[in-house]
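Please read them with the structure open.

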Amino acid sequence: MSAVLPATWLRGTPVCFLRGTLKRVIAIYPGSFDPLTNGHLDLIQRGAKIFDELVVAILRNSEKNALFTVDERLEMLRAGTGQWSNVRVESFEGLLVDYARIRGASAVLRGIRVVSDYEYELQMAWMNRKLDPTLETIFMMPAGAYSYLSSRIVREIASLGGSLAGLVPASVDVQLRARLGVAPPLAPK
Ligand code: ADP
């Protein structure tokens, strides 16, 4: 409880002054990540900086139409996020608010790339607030270079043999082309 915090000291500084509060904030970053892109990783990096723990959670509900299985996506995300010790990767099924309650999360992280994302994201956030008023949705913007990047566009470019350099991790690039049966793009002459 914050009222008793001034009695707690860490290297000469009251703990309450280090973070303002001792409450641990766990956030969930849900999505399909089919496949993982550098835009997702940009958001994860930003989230890992402001939350005590960030749980990247693959939604299992839409598994049937996915290009990669949930296990493959878990693997991709774990390989891509290993450098952040406060990031955990899991999958879940059902309502996000129920999963967040089980995980002890008080926030949901979502990305806003362009204005067109806003309408859908706002609708989701309002609905989640209706279902659980204690759960806050936090929106973050990626670096400008990723503002046009989505998993859908990445799948499309890969299937047409285009270069994904700088848009997805190298291992995801290899997996995508193998899954789609497409040769890597020719180097420009
Ligand atoms: P969805 O299936 O809801 O589109 P995604 O797996 O594509 O989910 O993305 C999950 C979350 O990551 C969403 O909030 C989405 O806005 C965000 N996101 C996806 N791509 C990017 C990107 N390039 N930059 C920032 N956020 C992104």
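This is a predicted model: local features need pLDDT of at least 70, side-chain atom pairs count only at pLDDT 80 or more; totals for chains, interfaces and linings use all residues.

**Notes on the model**

1. Five of the strands form an open sheet in the order β5-β4-β3-β6-β7, with parallel pairing. β5 (87-92) and β7 (136-140) are at the edges; each has a single partner strand, so one side of each has no neighbour in the sheet. On average, neighbouring strands of this sheet are turned by 30° against each other, direction ignored.

2. Two pairings involving β3 deserve a look. β3 and β4 run parallel and are joined by six bridges; within this pair, G31 stands opposite I58 of β4. Strand β3 (residues 26-31) also pairs with β6 in the parallel sense, over two bridges. On that side, A27 is opposite A107 in β6.

3. The largest nonpolar core has 35 residues, of which A27, I28, Y29, L54, V56 and A57 touch the most other members. Strand β4 (residues 53-59) provides the largest share of this core, with five residues. β4 is also mostly covered, since five of its seven residues are buried. In the protein chain as a whole, 27% of the 189 residues are buried.

4. Which residues does Y29 touch, not counting those up to four places away in sequence? They are L43, I44, G47, L54, V56, A57 and L109. As for contacts in the protein chain between residues at least 6 apart in sequence, 71% join residues at least 24 apart.

5. For comparison, most residues other than glycine have a negative phi, and most peptide bonds are trans.

6. Is F33 buried or exposed? It counts as buried because 25 C-beta neighbours lie inside 10 Å, the cut-off being 20 or more.

7. M76 belongs to helix α3 (residues 70-81). M76 counts as buried because it has 23 C-beta neighbours inside 10 Å. Leaving aside neighbours within four places in sequence, M76 is in contact with P35, L36 and V172. The C-alpha atoms of M76 and T37 are separated by 9.9 Å, while the two residues are 39 apart along the chain.

8. Last, the ligand. It is surrounded by 17 residues, and the closest are G31, G39, R110, G111 and P142. α2 (38-50) and β6 (107-111) each supply at least two residues of the shell, and the largest share, four residues, comes from α2. G31, one of the closest residues, is also the residue noted above as standing opposite I58 in β4.

Note on methods:
Residues are numbered from 1 along each chain as its sequence is written. A residue is near a molecule or strand if its C-beta atom, placed from the backbone, lies within 6 Å of it. A nonpolar core is a set of buried Ala, Val, Leu, Ile, Met, Phe, Trp, Tyr and Cys residues joined through C-beta atoms within 7 Å. A residue is buried if 20 or more other C-beta atoms lie within 10 Å of its own, exposed if 12 or fewer, and partly exposed in between; C-beta atoms are placed from the backbone. Two residues are in contact if their C-beta atoms, placed from the backbone, lie within 7 Å. Two strands pair if DSSP finds at least two bridges between them. Axes are lines fitted to C-alpha atoms, for helices over the stretch in contact, and angles run from 0 to 180 degrees between N-to-C directions.
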